[in-house]
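Hi,

Here is the structure I promised to pass on. Have a look at it first, and my notes follow below.

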Amino acid sequence: MTTLALVLAEAEEHHPIFAPTWVFPLIAAVIFIGAAFVVWSYRDVANRHSDKVGDAVEHTSGMDEGSTGHSHGQGAH
């Protein structure tokens, strides 16, 4: 068994990698920081349209509990 392990260990080829090992975590960190910047850039989207949200709350506040919120046959609001 040990002879087989020695033969396999000698036959193993070492393929060089294209960069030192410290580069791979650096690449992951750069991708993570880029994704964090994209998420950060959307931080205030809900507040930009708060006037539209207020209108929707006013329209739905007077509806019956079983109502779906659709106005069939009535004019557009």
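What separates Phe 37 and Trp 40 in helix α2 (residues 23–41)? About one helical turn, because the two are three residues apart in that helix.

Before the rest, some housekeeping. This is a predicted model, so local features need pLDDT of at least 70 and side-chain atom pairs count only at pLDDT 80 or more, while totals for chains, interfaces and linings use all residues. Residues are numbered from 1 along each chain as its sequence is written, and side-chain values use heavy atoms, with hydrogens and water left out.

On confidence: pLDDT (the predictor's confidence in each residue, from 0 to 100) averages 76 over the protein, and 62% of the residues score at least 70. Helix α2 has the highest mean, 96, and helix α4 (residues 50–61) the lowest, 61.

The protein has four helices and zero strands, in the order α-α-α-α. Helices here are DSSP runs of H or I with at least four residues, strands are runs of E with at least two, and both are numbered from the N terminus.

UniProt, in an unreviewed entry, lists residues 21–42 as "transmembrane region"; its positions are given in the numbering used here, feature names are shortened, and annotations may be inferred rather than shown by experiment. That stretch is 86% helix and 0% strand, with its end C-alpha atoms 34 Å apart.

Now the rings. Two aromatic pairs turn up in the whole structure. Phe 18 and Phe 24 have ring centres 5.5 Å apart and planes at 85 degrees, so they are edge-to-face. Phe 37 and Trp 40 have centres 5.8 Å apart and planes at 35 degrees, so that pair is tilted. (Rings of Phe, Tyr and Trp, using its six-membered ring, pair with centres within 6.5 Å; planes under 30 degrees apart are stacked, over 60 edge-to-face, the rest tilted.)

Trp 40 also has Arg 43 over its face, 4.2 Å from the ring centre. The criterion is NZ of Lys or CZ of Arg within 6 Å of the ring centre and within 35 degrees of the ring normal.

As for exposure, buried means under 20% relative accessible area, exposed over 50%, and partly exposed in between (1.4 Å probe, protein chains only). Phe 18 is exposed at 72% and Phe 37 at 52%, whereas Phe 24 is partly exposed at 34% and Trp 40 at 48%. Buried residues make up 3% of the 77 in the protein.

Cheers
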